[in-house]
Structures are given as structure tokens and as C-alpha cells.
Amino acid sequence: MDKLKYERELTDVGFKYICGVDEVGRGPLAGPVVCAAVIMPLDDIIEGVDDSKKLTPKKRACLAEKISEKAIAYAICRVEPQVIDSINILEATKLCMKNAVESLEVKPDFVITDGNMTLDIQAQQKSIVKGDYYSYSIGAASILAKVYRDNLMDEYDAVYPEYAFAENKGYGTKKHIDGILSAGLCPIHRKSFTKKWQR
């Protein structure tokens, strides 16, 4: 499969700086949603870039290091649980993606995003369902976002060990929910996601 299909279509009509954007963490009960935006050189491809969920943690970490070194520009942003509770997860994800794009040191000519949403940005854009699988640039963004968020949840595990965040990354596993039932919510829980377990 040609993971540069979308990028080539855009460069063929004159776009130069094509930015891939993806998010991680829409579904967890705890922690922020994290988005990465990245402009990759298209003449020096990193082998193995794929949907971050299909890669092992070790492979993801290795690729994230290579991506951050080779990228023309990249930015990683997060939106905290309190904002997610305030504006809902869809709007928080859009805001996070917008912030990531606008934080790039190189202004993109065109933005391609994973999923099916329109961002409030000035650059032209296109959303691609399963973009982290089909597009090299979005796949690179998904890896950066996933590695950043997983590392963050490992750090939170040390602060709030009751919830096994290092294992579940904030998703609603039995061990995590048992922790909520025994210890209550902690400051990084999304209250709008955990109503049925709140005391």
C-alpha cells in the first residue's frame, strides 16, 4: 500500500508543507486528550510508520525518536480533563488539533487529519477516515501523540497508584474502575465520563 498517496496528490498540485494531525485519548476515563501535528520530509521516509495502535511500545518509542529528529516541524498539545468536561470530548479534540497545528514553527500549506472532522484553521484541510493507517504523515503524528500520552500516564501512575494508569493509560479496565470505587476520583479523572461510579 502507498502510504504517500494523499501526500503525493497534494504535492502534485503544488502544496509543499503537508501536515498530518492525529489524536490519542478520546476514550479514556482519565487524563488529557493529546494531539500531534507533524510536517515530514517526503523524500526521506522512515520505514515502519503505521497506525500507532498496531505497533509495540518499544517500536513506537523508537519511531517517535526518529520522527522527531527528521520532522521539518512538529508540535504536541494536550487538553486537560476539566476542559473536556466543560466543552465535551469532540470539541476538546478539535481544539487540541487546532492548537497543535497553530503551534508548528513552519506554517503548513495543507492539513490532513485522522477521522472525520473540520478544524477551525486557516490552512486548507482534508480529513481521512483511518488516516493513521493510510497516510504516512498522519501515522507519524499518531505515533508522536501516543508515545507522549503513554509516558504521561506512566507519570500519573506514580502519583495515583490506585488506578493502575501505567497498565490501562486511563481506559476503563476492571482494575481502574475498582480503584475508582475504592478511592473515588482523582484530579485527572473526567467527571463527565465517570458519572456512574461517582459517589
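Leu95 is located in helix α4, which spans residues 89–102; helices (H or I, at least four residues) and strands (E, at least two) are DSSP runs, numbered from the N terminus. The structure is a predicted model, in which local features need pLDDT of at least 70 and side-chain atom pairs count only at pLDDT 80 or more, while totals for chains, interfaces and linings use all residues. Residues are numbered from 1 along each chain as its sequence is written, and side-chain values use heavy atoms, with hydrogens and water left out.

With a relative accessible area of 31%, Leu95 is partly exposed; buried means under 20% relative accessible area, exposed over 50%, and partly exposed in between (1.4 Å probe, protein chains only). Together with Val83 and Ile87, Leu95 makes a nonpolar surface patch of about 180 Å². Areas come from the Shrake-Rupley method with a 1.4 Å probe.

Strand β1, residues 18–24, presents another picture. Seven of its seven residues are buried, so β1 is largely enclosed by the rest of the structure. On one side lie Ile18, Gly20, Asp22 and Val24, on the other Cys19, Val21 and Glu23, and all are buried.

Strand β1 pairs with two strands, pairing being assigned if DSSP finds at least two bridges. Four bridges join β1 to the parallel strand β4 (residues 110–114), where Val111 stands opposite Cys19. Strand β2 (residues 33–39) runs antiparallel to β1 and is joined to it by six bridges; there Val38 is the bridge partner of Gly20.

From β2, seven bridges lead on to β3, again in an antiparallel arrangement, with Val33 opposite Val79. In a regular strand the side chains alternate between the two faces of the sheet.

Asn168 counts as buried because its relative accessibility is 5%. A polar atom of its side chain lies 2.7 Å from the backbone nitrogen of Gly170. Beyond its neighbours within four places in sequence, Asn168 is in contact (heavy atoms within 4.5 Å) with Tyr163, Thr173 and His176.

Note on methods
A polar contact is a pair of N or O atoms within 3.5 Å; within protein, one must be able to donate a hydrogen and the other to accept it, and residues adjacent in sequence count only if both atoms are side-chain atoms. Patches are made of residues with over 30% relative accessible area and no salt bridge: like charges are joined within 9 Å, nonpolar side chains (Val, Leu, Ile, Met, Phe, Trp, Tyr) within 5 Å. A salt bridge is a side-chain nitrogen of Lys or Arg within 4 Å of a carboxyl oxygen of Asp or Glu.
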